[in-house]
Structure formats: C-alpha cells, structure tokens
Amino acid sequence: MSVKNREKRIENLQRSNKESHRLIVDSLRQALYTMLKTRDIDSIKVVDLVKAAGVSRGGFYRNFYLVTDVLKDDIRVIADDVRRVSGADVSANWQIILNTVYRHREKIPLLLKAGMGMEILRQINRSIDGVNEEYRLRLTAWNGVIFNCILWWAERNFADDPEALSRQLTEITEPLLTVQQTALPSRE
C-alpha cells in the first residue's frame, strides 16, 4: 500500500471515529433528556441509558464515566458556544446569552432538576480563567448575575421575551460589564 493510500485510509478512519463519537454522544444526550422528563437523575442507570439511546455500554464508557457526565458535557458545550461569540457590547452579550439559553429552554429545567445548577455556574465561571487577581471578584459577581438571571427566567418558564429581557438586563448590568471588559485578557 502506498504512503498516499495509507494516509487517506487513516484520514477516513479518523473522520469515521469522530462521526461515531458524535452520534453516540448525541444519542446519549437525547435519551437522557427524555428520561429526565419522567425520572430523577439518581434512578437512571447506565444500562437504562444505553438501552434507551441504542448504543453499547462500551460506547458509553469510551465517552463518559457517569450518567451525570453526559449532562456536564452538554453544559460545557452550551457555555463554550456563548463564550466564543461574546464580546464587548453589553446588549449583544445579553442577547447571545438569552438566545442560547432560550434555544435550550427545554433542557435547562431538566438540568436543574438533575442537580446540575452548580455545574452550570462552574462553566459560567470558566470565563475567569486567566484574569488577573484584581478583577476576579468583580467577574465572579458578574457571572453570578448571569447565573441568577438564568435561574430566574427558568423559574418563570421562559415566559419573558428574550429581546425585551435583554434590553432590561443591559440597562441594569452595563456598569458591571464595563468593569469586566477591562479585566479580561486579550483574545488575540
């Protein structure tokens, strides 16, 4: 087999593995959220989850250690999406945060029911990584505002219009975000 053919074969295998990983993770997430609608997280065992997801136990354990790890991974993905597109514009940040939360409005109450509130806050607080010590407390306060606004909105069953809520929160929090922007390391 030529070097070129071997490289192409390896590339195809890697692509196949990535696709397989994504399908397994997506199936596990979907099955777990469906199960959380009628069951508590503590009653969901790996054997139940893999059966509902249609994946093997090996597929589960290649990606996760505990059932709650599926939820933690999803929270990380959501938080990374928000963090990636956030910027200096206060109004745009609230719109991004609220639109992302709104897209996941069916998941958020289930995550909270499963006891994942602190994991949501932990992922929000990842924005503090690399920030100088002088501003860490201010950023922690800002992140607490974000987290508590998400909780408040979830308790109201996401009844408030995201755009109207964004305008209100921008007005309330603009001074905090101005401080936050001076504390963040450059993203270059």
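Predicted model: local features only at pLDDT ≥ 70, side-chain atom pairs only at ≥ 80, totals over all residues.
Biologist: How many helices and strands does the protein have?

Modeller: There are nine helices and zero strands. Both are DSSP runs numbered from the N terminus: helices are H or I with at least four residues, strands E with at least two.

Biologist: What makes the span of H8 agree with a helix?

Modeller: The expected span is 1.5 Å times one less than the number of residues. H8 has 23 residues and should therefore span 33 Å; its end C-alpha atoms are 33 Å apart, which agrees.

Biologist: Which residues of H8 are called buried?

Modeller: Buried means under 20% relative accessible area, with exposed over 50% and partly exposed in between, using a 1.4 Å probe and protein chains only. In H8, Tyr135, Leu139 and Trp142 are among them. Buried residues make up 41% of the 188 residues in the protein.

Biologist: What is meant by a nonpolar core, and which helix gives the most to the largest one?

Modeller: A nonpolar core is a set of buried Ala, Val, Leu, Ile, Met, Phe, Trp, Tyr and Cys residues joined through side-chain atoms within 4.5 Å. The largest has 45 residues, and Leu71 is one of those with the most contacts inside it. H1 gives the most, with eight residues.

Technical notes: Residues numbered from 1 in each chain as written. Heavy atoms only, no water.
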